[in-house]
Every structure is written in C-alpha cells, then in structure tokens.
Amino acid sequence: MRFAIMFFCYVLGIGLALNAFFSPCIQALLPLFKGLLTLIDGHFEVISAQVTTVGDAQVIDFEVRLAKSFWLGKHFIEVDPSGVAHASTTLVHLWQSLAVCLALILSWPEILMRKRLLALAYGLLGTLLVWCIDVPFVLLAALWQMIDAHYGIADFSILTDWQQVLENGGRLILGLMIGCLAIFLA
C-alpha cells in the first residue's frame, strides 16, 4: 500500500513539474527528431520543427513537404513546391512515459541510493531511446493518414495502429517497462 501511495504521489509531482518545465528539454531534442524522421522516411522534407501551444496544450509541430514524387497504389503523388503539411503530437503524451518510469524507480522499496541513482540514469536513457522511435513514427503516422485520407485509401497501416496504441495507454506501459528494466539493470 505504501508503494502505491508513493508511486501515485511521485507521478503527480513529476507530472506537474514536467508539465511546467518540459518544453525546453524537448526543444533541444527537436534536431534529433527532425533527423530521425528524415532518415526513417525519405518521402518528406522537414521545413520546420518547433514546440508550440495549441489551445491549452503544448505540441511538437513539424511542418513538412514532399521531397520526392512516388506511386501510392494507383495514385501518382507529385511534389508540389508550395504544398506543406503539419504533423504534431502533444508534450503530455511524451512525458507520460518519463513520469511513470521515474515515479516507479523513486518509489521502488528497498533499493540503495547508489542503485536508485543508477536506475534513474538508465530510466532517462531508456526513455530517450523510446522517444527516438516514438516521435518520428507517430508524426509519420499522422502524415500518412493525411495522404491516405486525401486519396481515399483505406489500407491497413502498422504506423497508424502503433500511433493508436501509444496514444491510448501504450506510453504508460512503456514507462513501466523502462522503469522495471532500469531497476533490474541497476
């Protein structure tokens, strides 16, 4: 019971802190995410990447355009130099996994301080590695959904399914898994 109460308090406290101070950290990682998106899918050229506020939410917003023409099913999609698209994901979605991971490590019972600090370092590194997959693929899923919707293509897409899993609790599970792995490795 003590563990559950501590875990809840840590998630709440870390979540509030991340909500207030997380934007500059992600701003620093935008060039990495930009490079990864271009590396993973060469169809898009990133024009700009920024952290902005939309309504009440802070979002990572990528402005992209097609880098090359290609065939998609029966449709030839030609590069339009004036055409741009926006893809975004909220910062809240990103920091969920970090908050859960850190809260799990901090509230874990009977762990020495040295091991806890090592587990925190592993947790931060693990979360960063997950974000290197998470952010580019979620943004690519949003871009491909726009293209598919525009051309009326209703094919199965592992990208859009992955995006749905992450946005419907998958990031929380990833945070728990990273936290458990970090504790185990420490």
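The largest nonpolar core of this predicted model has 51 residues, and those with the most contacts inside it are F22, I26, F44, F62, W131 and W144; such a core is a set of buried Ala, Val, Leu, Ile, Met, Phe, Trp, Tyr and Cys residues joined through side-chain atoms within 4.5 Å, where buried means under 20% relative accessible area, exposed over 50%, and partly exposed in between, with a 1.4 Å probe and protein chains only. Two or more residues each are given to this core by α1 (2–21), α2 (23–40), β1, β2, β3 (70–72), α3 (91–107), α4 and α5, and the largest share, 13 residues, comes from α4. Helices (H or I, at least four residues) and strands (E, at least two) are DSSP runs, numbered from the N terminus.

Residues are numbered from 1 along each chain as its sequence is written. Because the model is predicted, local features need pLDDT of at least 70 and side-chain atom pairs count only at pLDDT 80 or more, while totals for chains, interfaces and linings use all residues, and side-chain values use heavy atoms, with hydrogens and water left out.

Strand β2 (residues 57–66) is largely enclosed by the rest of the structure, because seven of its ten residues are buried. The pairings of β2 are listed below; two strands pair if DSSP finds at least two bridges between them.

| Partner of β2 | Sense | Bridges | Example of bridge partners |
|---|---|---|---|
| β1 (residues 44–54) | antiparallel | ten | V46 and V64 |
| β5 (residues 85–90) | antiparallel | six | I60 and T89 |

In the hairpin of β1 and β2, which has two residues between the strands, G55 takes a positive phi near 65°. Leaving aside neighbours within four places in sequence, F62 is in contact (heavy atoms within 4.5 Å) with residues including L30, F33, V46, A87 and L139.

L118, placed in helix α4, counts as partly exposed at 33% relative accessibility.
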